[in-house]
Amino acid sequence: MPTGVRRWVPLFLIVSLFFLWGGANNLNDVLIAQFKKAFVLNDFQAGLVQSAFYLGYFLVAMPAAMFMRRFGYRQAVVLGLVLYGAGALLFWPAAEMRTYGMFLFGLFVIAAGLAFLETSANPLMTMLGPRESAARRLNFAQAFNPLGSIAGILIGQHFILSGVEHTPQRLAAMGAAERAAYYAEATHAVQWPYLCIGLVVLGWAALVLLARFPAVAAPHELATRVTGRDGALARLLRDRNFTSAMAAQFFYVGAQVGVWSYTIRYVQASMPGTSAQAAANFLTAGLVCFMGGRFVGTALMKYLAPVRLLLAFAAINIVLTLCALLYPGRDGACALVACSFFMSVMYPTIFALGVEGRDDDERKLGSALLVMTIIGGAVLTAAMGAVSDVAGIARALAVPALSFAVVLWFAWRRLPHARGART
């Protein structure tokens, strides 16, 4: 293989990971609508899709970081892909058994794989080439994440959501055999898409394992103690700037996942007669806005300190979610779509501010702790489901509105540190 091609192969393989985990994350938004139909779930029970998924992130993020430090970046990527593929393949027997808990376990395994990928692919991407272009490579790779998200929604919309939906009255009028066949068809709809995803991901793991990667730094070793009064963990948890970043990230992820998870449900509830397949168009539009916001936000940061942009975007999203709460219907749905544009810069900006100025050990440990805050997607999505069951899906948007208020508070606290930045 020519040297030039050999140099680009590992870059292509790792950049593709950002696309793959974007698809996995947003297929969950379709699964919530599908499982609600297939298993006759209330909103809280359907929200457990995200709870199982983000619990995997929370529990596996730190072990993934330790595995990466012990065995290296590429080995962590391969293990992450194997777990991702295995979780996707579990959907086939879960559909055969029609067991909701088995689906949730499959999602947990997928999330465990993604935890490995997210803790290893980002730093590995910075090392696959010249140091001076590391940031440019990473930004290029991250641009493929929302593309994967859009692909995930389109796969779910066209290959999982059938467009065939029955009212509770129609279901009650069906015979037992006809109703069972309807539920079984809805459950089996996930089998082939997830089988294909699982096989592609496992094939990608084989390619990463077989490809010749350039030499990268040896697995990391801690230069200082992690635990104890003076350890890196204690220093981080005593630092209010870092703990406030953890809080902001927890609530931001919860808001993002909640808004996307219940967009289809919101559209169907506030625009009666809209099928889940048609409602998914609003979710796709939101993801397109999210991708556009990422590029626009990056450009704006040339002229505006990131923390100021974060403050402005959080304030706008509070207004947008309150509009969706107060004016359900097409206007509210459009507000939720617009909300995605202003969410786009939040995760990376909070993450960067959280680890800013840290030494190497604190940065690595802090990164793992910030990844663990993704559990907010599990907690707050379930909270939205609980509020929806009691007061309606529109009023459940109070949860992301309050979450964006926490992001606003974090950005406000960090403003004094941004005085030296261009405005």
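1. Leu17, setting aside its neighbours within four places in sequence, is in contact with Val77, Leu81, Leu117, Ala121 and Trp204, where contact means heavy atoms within 4.5 Å. The model is a predicted one, in which local features need pLDDT of at least 70 and side-chain atom pairs count only at pLDDT 80 or more, while totals for chains, interfaces and linings use all residues. Residues are numbered from 1 along each chain as its sequence is written, and side-chain values use heavy atoms, with hydrogens and water left out.

2. Leu17, Phe35 and Leu81 have the most contacts inside the largest nonpolar core, which has 138 residues. Helix H1 (residues 3–38) gives the most to this core, with 16 residues. Such a core is a set of buried Ala, Val, Leu, Ile, Met, Phe, Trp, Tyr and Cys residues joined through side-chain atoms within 4.5 Å; buried means under 20% relative accessible area, exposed over 50%, and partly exposed in between, with a 1.4 Å probe and protein chains only.

3. Ring pairs link Phe35, Phe39, Phe91, Tyr100, Phe103 and Tyr194 into a cluster. Rings of Phe, Tyr and Trp (its six-membered ring) pair if their centres lie within 6.5 Å, and planes under 30 degrees apart count as stacked, over 60 as edge-to-face and the rest as tilted.

4. Helices are DSSP runs of H or I with at least four residues, numbered from the N terminus. In helix H2 (residues 43–71), a kink of about 45° lies at Val60, shortly before the proline Pro63, the bend being the angle between axes fitted to the seven residues ending there and the seven starting there. Just after H2, Gly72 takes a positive phi of about 110°.

5. Tyr182 counts as buried because its relative accessibility is 9%, and Tyr183 is likewise buried, with a relative accessible area of 15%.

Methods: Helices (H or I, at least four residues) and strands (E, at least two) are DSSP runs, numbered from the N terminus.
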